[in-house]
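Subject: Structure handed over, with notes on what was found

Dear colleague,

Please find below the structure that I promised to pass on to you. My notes follow it, and I would be glad if you read them with the coordinates open.

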Amino acid sequence: MGPLTDKFCIAGVGETKHMRPSNRTTHSMGVEAVKRACEDAGIRPQDIDGITSYNIGDSTAGTSIGSSLGMRLNYAVDIQGGGSSTEALIAHAVGLLTGGYCKNMVIFRSMNGRSGRRPGGQALSGPTPVTPISTYDNFNQLYGFLSPGQRFGMSCMRYLKDTGMDPNKLGHIAIAHRKHASLNPKAVMRTPITMDDYLASRWVSKPFRILDMCLETDVSAAIVIVPREQAYDLRQPPVYIMGGTARTMADNPLWNYSRDVIHYVAGNYGRQRLFGMSGVTQHDIDLTSSYDAFTFTTLIQLEAYGFAKPGEAGEYVASGMIDIDGRRPNNPSGGHLSEGYTHGISMVIENVRQLRHRADDTCPGWQQGRHTYDRAKGCRQVKKAEIAACLGWGTETMSSSCILRR
Amino acid sequence: MPGPVDYAKIQITPDQDMAAWWNATKEKRFLLPQCAACGLKWWPPAPGCRRCTSLEQSWHQIKGVGEIHSYIVVSQPIAAHMATAVPYVLAIVELPDGTNDDGSKTRIHALLLDDEKDVAIGLPVALAWDDHPSQPYKLPRWRITAKTAPGMWKHPG
Ligand SMILES: [Zn+2]
């Protein structure tokens, strides 16, 4: 176990609706999400003195959110980044709280991911002129090689060749997450899909169909972290942070495509640290969350973090394992594929609610932790939810993670 | 063959790290950065040798042949200048003369002149160039040069 295992808790979570479009500023949504997370915890926003957030130049600073909620901050830092930032900021919070830089902390993400800056940078109206091609970093724009779907598609295609996996197995991830979203009143896409629906969906960037790709939504979400001794009197059962990794990088992250194996992703480098620090193994994990920007990013993370053997993640997802009633459900909220897109924070929030046994479904007693476990009646609570692993993804070469327990 | 790329819709304004690379395209030369101290070649032209950390950089002009390591087929354009080109095939191309003395490979990204029906991992490609009156630079393209290769693989969908 790590020296800080179980010393800090996630005490509150909250979010706005997933909107398409929000017709709101990221400031307004951020204030709402932070306020809701504080209410959920039972802490006044004015009693929070640390705030962090992540953005890709598309959001509002934590200092502004804090100011709007009357916070007198001792720590306020916004970092650059999308996927994998949530788990990295959780690790960051644990270090800062240990060091005494603040006494508690809220982490938020606020984004108009549909009506504002969309993945790849295009406007809502369609193809958009690219910025001037100046740097080695934006040279990709010359070829129209811009979006995460295009970039990760290269790794997926090579994975399919190297492993011989039937590409249709990716569909099992889309189908399972959509089923979960059908049980989630917050989700944008709630109509269940079949393999026929998946195979009939159009190609966007082969090997990816539209149903391999996440939604775009306008949303804000937030998490409150406190030392465990502060958590005892709060409103919710605490969820303890056992361990994690913060932006583990693979070799040669500047250019994934010259690496020996382009689908040997960063999680492979973080796996031992994650489980070593947390003091558990894969067998102890009841549910996982993956950063499902694409079906493939779920597949490859499950493999990288050792839940499936190399080359066998296709069998893992096709076996029913990731279904809400499977042996190790993944993304019971529906994730980015079907609930909505938050650059990762909403999957951590879902794990927190699942570990509290308070999945916010349509069971009348969910707020007291009373669930029917009857999927036909809309119950979304995972039956056994004691320990969860959050598998964050930035790119093939960047990953963050954490393990949480009730 | 994919539709034309509308190069009039882009601006190329190289920064200090990219200027020499772009200038060489005017003579249809495709360069790889190469460490002047240890000889490592890499892509893209970012400063610093990851092997020996030297900042002394030279350039290696590639012969202009390679092999498709992976590819995607873009059906939905995002960039305005590619709207007329869809569906187009982007590839990762492994360069035989990008192989380093430690065995590490150099692979670049490439916009193919070929259609999806002709593409497969493992096929050989050769460098070609687009020329457009709106641009002072030549624009690299790649063309498939054989219909088969040992171990070739194609997405079944
Ligand atoms: Zn060197």
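A residue is called buried here when its relative accessible area is under 20%. The model is a predicted one, and that should be kept in mind throughout. By the cut-off of under 20%, A:Arg118 is buried, because its relative accessible area is 10%, and A:Glu216, at 12% relative accessibility, counts as buried too. The side chains of A:Glu216 and A:Arg118 meet in a salt bridge, with 2.9 Å from N to O. This pair links distant parts of the chain, 98 residues apart, since A:Glu216 sits in the loop between β6 (208–209) and β7 (218–227) of chain A, while A:Arg118 belongs to the loop between β4 (105–112) and α4 (148–163) of chain A.

A second salt bridge within chain A joins the side chains of A:Arg380 and A:Glu350, at 2.7 Å from N to O. Here again distant parts of the chain are linked, A:Arg380 lying in the loop between α12 (345–355) and β10 of chain A and A:Glu350 in helix α12 of chain A, 30 residues apart. Both A:Arg380 and A:Glu350 are buried. In chain B, by contrast, B:Glu27 forms a salt bridge with B:Arg29, the closest N and O atoms being 3.0 Å apart; B:Glu27 counts as exposed at 55% relative accessibility, and B:Arg29 as partly exposed at 30%. Salt bridges that share partners also join A:Glu15, A:Lys186, A:Glu339, A:Glu350, A:Arg353, A:Asp360 and A:Arg380 into one network. Over all chains, the count comes to 33 salt bridges.

How many salt bridges does the rule find across the interface of chain B and chain A? It finds one, formed by A:Lys206 with B:Glu116, whose closest N and O atoms are 2.5 Å apart. Between the two chains there are also 24 residue pairs in polar contact, counting pairs with both residues at pLDDT 80 or more. On the side of chain B that touches chain A, the largest share, six residues, comes from β3(B), and by class that side has 34 nonpolar, 12 polar and six charged residues. In total, 52 residues of chain B are in contact with 43 residues of chain A, and the area buried between the chains is about 4300 Å², of which carbon and sulfur atoms give 64%. The strand β3(B) also pairs with strand β5 (residues 203–206) of chain A, in the antiparallel sense and over two bridges, and in this pairing A:Lys206 stands opposite B:Val73.

Strand β11 (residues 398–405) of chain A is largely enclosed by the rest of the structure, because seven of its eight residues are buried. It pairs in the antiparallel sense with strand β8 (residues 239–249) of chain A over seven bridges, where A:Gly243 stands opposite A:Ile403, and likewise with strand β10 (residues 387–395) of chain A over eight bridges, where A:Ile387 stands opposite A:Arg405. Two residues lie between β10(A) and β11(A), which form a hairpin.

Finally, A:Thr52, in strand β2 (residues 50–55) of chain A, is buried with a relative accessible area of 0%, and the residues touching A:Thr52 include A:Tyr75, A:His92 and A:Phe108.

With best regards

How values were computed:
Residues numbered from 1 in each chain as written. Chains lettered and ligands numbered in written order. Predicted model: local features only at pLDDT ≥ 70, side-chain atom pairs only at ≥ 80, totals over all residues. Heavy atoms only, no water. Contact = heavy atoms within 4.5 Å. Buried area = accessible area lost by both parts, 1.4 Å probe. Salt bridge = Lys/Arg side-chain N within 4 Å of Asp/Glu carboxyl O. Polar contact = N/O pair within 3.5 Å; in protein donor to acceptor, adjacent residues only side chain to side chain. Helix = DSSP H or I, 4+ residues; strand = E, 2+ residues; numbered from the N terminus. Nonpolar A, V, L, I, M, F, W, Y, C, P; charged D, E, K, R; others polar. Pairing = 2+ DSSP bridges. Buried < 20%, exposed > 50% of the residue type's maximum accessible area, 1.4 Å probe, protein only. Lists of a residue's contacts leave out its neighbours within four places in sequence.
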